[in-house]
Number of protein chains: 2
Amino acid sequence: MPSITPLRTFVTRLTALYDRDLPETAVQGEAAGLLRDLVAQDDWLPDAFAQPDPERYSQYLLHCDPLERFSVVSFVWGPGQKTPLHDHRVWGLIGMLRGRESETQFERDADGRFRATETTYLDPGEVATLAPGVNDYHQVANAFADRTSISIHVYGANIGGVSRATYDAQTGVEKSFISGYSSPLVPNLWDRSKNAGAA
Amino acid sequence: MPSITPLRTFVTRLTALYDRDLPETAVQGEAAGLLRDLVAQDDWLPDAFAQPDPERYSQYLLHCDPLERFSVVSFVWGPGQKTPLHDHRVWGLIGMLRGRESETQFERDADGRFRATETTYLDPGEVATLAPGVNDYHQVANAFADRTSISIHVYGANIGGVSRATYDAQTGVEKSFISGYSSPLVPNLWDRSKNAGAA
Ligand SMILES: [Fe+3]
Ligand SMILES: [Fe+3]
Ligand SMILES: [Mg+2]
């Protein structure tokens, strides 16, 4: 049975960060360190939030800050699944938990069209960053054609409620969307009776 | 399909309350008003958190503040189910959502034994309060022998992790326990794509 404790610790620490009134970039930097700790071990994600959907990649909410200052999402990629080119409009972090992910970053030209600038591969334990005005356009894919990959994403808002866009890379044509979440349930991080071993 | 919006609104408002640095009793008083609004309509609790267990009453966590300052729990009482006499050690609120609950309050005598002081019945929309040092000892039961009752409890801590006690009313003998929760899942309050009607 995986223990949810590492995820609870991550959420508690990230919440506490906001009491320090740091600038956004410092929050993101500190959050990256916490996320690195979280994905250092792949022994805590409940199976219900690690299930691939044969139709499309899944985005399971793991935790949303009740003031909607940040959210933590498990992206589960079935074999070969990928996102369209899209933006975020808030800061983001990708922590690789299982398998391998490719991330292609894009720049937008003056005519509105997109150019791929680089493709990087994320392996378990690695963390990548995204920020509006710096590198907000990307396309993400499972680097494996024959197995599930899972990454843990953290965003500087409730990403399931942010109005943002996908793009046609060739034409630059924008289509707005709100991503929502793949499940009406999230994990219960707060049952401390289990670790206590009490009745 | 029930909309989770009233529960999200309750959680958001209760979280915001803590930014006002009120004394505990004022927090509880304000929270009672918010809970009254929440239980005024029985149209928001997802079915997964309204299921009785034939063996014993269920305590489904609906939300825990990530700083563990408060928690919101759905108590689902099968026909005739009841708690033992117990305490809480943090403030509590009971908001009746569905069915009918009886609450018997107890006072503890100098010899450690308990005396029942009153039994009240809660009907949908009503809210009762509990506070350490005032009225922290009670026994709660479904007032119906033939149907499910549901009440929404709010506590001034993560109640699933509080070490507290049940008591034998006759002898006063105390048995410590941590209640935990009936499910490893909680509802996802944060999918705003559904109300937006976006893709
Ligand atoms: Fe993305
Ligand atoms: Fe109680
Ligand atoms: Mg009454």
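Author: We will go through symmetry, backbone angles, salt bridges and surface charge in turn. Please keep in mind throughout that this is a predicted model.

Reader: How are chain A and chain B related to each other, and what rotation superposes chain B on chain A?

Author: One looks for the rotation and the shift that bring one copy onto the other. Here chain B is superposed on chain A by a rotation of 180 degrees, with 0.0 Å of shift along the axis and an RMSD of 0.0 Å. The two copies are therefore related as by a two-fold rotation axis.

Reader: Which residue of chain B comes closest to the rotation axis?

Author: That residue is V186(B), whose C-alpha lies 2.7 Å from the axis.

Reader: Next, what should I look for in the backbone angle phi?

Author: The general idea is that most residues other than glycine have a negative phi. In this structure R89(A), although not a glycine, has a positive phi of about 70 degrees, and D21(B), also not a glycine, has a positive phi of about 50 degrees.

Reader: Where are R89(A) and D21(B) found along their chains?

Author: R89(A) is in the loop of chain A between β2 (71-77) and β3 (92-98), while D21(B) sits in the loop of chain B that runs between α1 (5-17) and α2 (24-39).

Reader: Is D21(B) buried or exposed, and why?

Author: D21(B) counts as exposed because its relative accessibility is 69%, and exposed here means over 50%. R89(A), by contrast, has a relative accessible area of 39% and is therefore partly exposed.

Reader: How do I read a salt bridge, and how many salt bridges are there over all chains?

Author: Side chains of opposite charge can pair when their charged atoms come close. Over all chains, the count comes to 24 salt bridges. One of them joins E174(A) to R89(A), with the closest N and O atoms 3.4 Å apart. E174(A) belongs to strand β10 (residues 174-177) of chain A and R89(A) to the loop between β2 and β3, so this pair ties together parts that are 85 residues apart in sequence. E174(A) is partly exposed, because its relative accessible area is 43%.

Reader: Which parts does the salt bridge of D42(B) and R98(B) tie together?

Author: The side chains of D42(B) and R98(B) meet at 2.8 Å, N to O. D42(B) lies in the loop between α2 and β1 (58-64) of chain B, and R98(B) in strand β3 (residues 92-98) of chain B, so the pair links parts that are 56 residues apart in sequence. D42(B), at 36% relative accessibility, counts as partly exposed, and R98(B), with a relative accessible area of 29%, is partly exposed too.

Reader: What about R100(B) and D123(B), and how many residues apart in sequence are the parts they tie together?

Author: Their side chains also form a salt bridge, at 2.8 Å from N to O. R100(B) is in the loop between β3 and β4 (101-108) of chain B and D123(B) in the loop between β5 (114-122) and β6 (127-130), so the parts they tie together are 23 residues apart in sequence. R100(B) is partly exposed at 29% relative accessibility, as is D123(B) at 27%. Salt bridges can also share partners, and in that way D87(A), R89(A) and E174(A) are joined into one network.

Reader: Finally, which residues gather in a patch of negative charge on the surface?

Author: The patch brings together D19(A) and D21(A) with D19(B) and D21(B).

Note on methods:
Residues are numbered from 1 along each chain as its sequence is written. Chains are lettered from A and ligands numbered from 1 in the order in which they are written. This is a predicted model: local features need pLDDT of at least 70, side-chain atom pairs count only at pLDDT 80 or more; totals for chains, interfaces and linings use all residues. Side-chain values use heavy atoms; hydrogens and water are left out. Patches are made of residues with over 30% relative accessible area and no salt bridge: like charges are joined within 9 Å, nonpolar side chains (Val, Leu, Ile, Met, Phe, Trp, Tyr) within 5 Å. Accessible areas come from the Shrake-Rupley method with a 1.4 Å probe; for residues, only the protein chains shown count as cover. A salt bridge is a side-chain nitrogen of Lys or Arg within 4 Å of a carboxyl oxygen of Asp or Glu. Lys and Arg count as positive and Asp and Glu as negative; His and the chain ends are not counted. The place of a charge is taken as NZ of Lys, CZ of Arg, CG of Asp or CD of Glu. Helices (H or I, at least four residues) and strands (E, at least two) are DSSP runs, numbered from the N terminus. Buried means under 20% relative accessible area, exposed over 50%, partly exposed in between (1.4 Å probe, protein chains only). Copies are superposed by least squares on the C-alpha atoms of residues with pLDDT of at least 70 in both.
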